[in-house]
Amino acid sequence: ASRTVHIHVMLHLEGRRAVTQLYFDDELTDEVFARPPYADRPQRDTTNATDSIFAGGGERTVLHVTGDPAGPMTGVLCLGV
């Protein structure tokens, strides 16, 4: 609740740490949430457009996903380190 669907990613490199969040297109999220087991859960209350953290640059880390929401999917994103 109160956050759009996202994945946290943490990078550890030479004693330093960087954290970011990966997001999904809202249309894809809606397709996935319409299927079991998510369809039995309450509807989400936050989209990318209404998420306060996404608004600070989340568009740059939206995963480009291929595959069928009913089966396996693959997300691709190039992150510079």
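This is a predicted model: local features need pLDDT of at least 70, side-chain atom pairs count only at pLDDT 80 or more; totals for chains, interfaces and linings use all residues.

Residues are numbered from 1 along each chain as its sequence is written, and side-chain values use heavy atoms, with hydrogens and water left out.

**Helix α1**

Select residues 26–33, which form helix α1. Helices (H or I, at least four residues) and strands (E, at least two) are DSSP runs, numbered from the N terminus. Which residues of α1 are buried? They are Asp26, Leu28, Thr29 and Val32; buried means under 20% relative accessible area, exposed over 50%, and partly exposed in between (1.4 Å probe, protein chains only). These residues lie on the same side of α1, because they cover an arc of only 160 degrees around the axis, taken from the directions from the helix axis to the C-beta atoms. An α-helix has 3.6 residues a turn, so residues three or four places apart point the same way.

Then go to the start of α1, where a side-chain oxygen of Asp25 comes within 2.9 Å of the backbone nitrogen of Glu27.

**The aromatic pairs**

How many aromatic pairs does a search of the whole structure find? It finds two, where rings of Phe, Tyr and Trp (its six-membered ring) pair if their centres lie within 6.5 Å; planes under 30 degrees apart count as stacked, over 60 as edge-to-face and the rest as tilted.

Select Tyr23 and Phe54, an edge-to-face pair with 4.8 Å centre to centre and 90 degrees between the planes. Tyr23 belongs to strand β2 (residues 16–23) and Phe54 to the loop between α1 and β3, 31 residues apart. Both Tyr23 and Phe54 are buried.

Now select Phe33 and Tyr38, whose ring centres are 5.5 Å apart with planes at 10 degrees, so this pair is stacked. Phe33 is partly exposed, at 28% relative accessible area, and Tyr38 is partly exposed, at 33%.

**Gln21**

Return to strand β2 and select Gln21. Gln21 counts as buried, at 15% relative accessibility.

**The hairpin**

Finally, select β3 and β4, which form a hairpin with five residues between them. The two strands run antiparallel and are joined by four bridges; strands pair if DSSP finds at least two bridges between them. Gly67 stands opposite Met73 in β4.

Definitions and conventions
A polar contact is a pair of N or O atoms within 3.5 Å; within protein, one must be able to donate a hydrogen and the other to accept it, and residues adjacent in sequence count only if both atoms are side-chain atoms.
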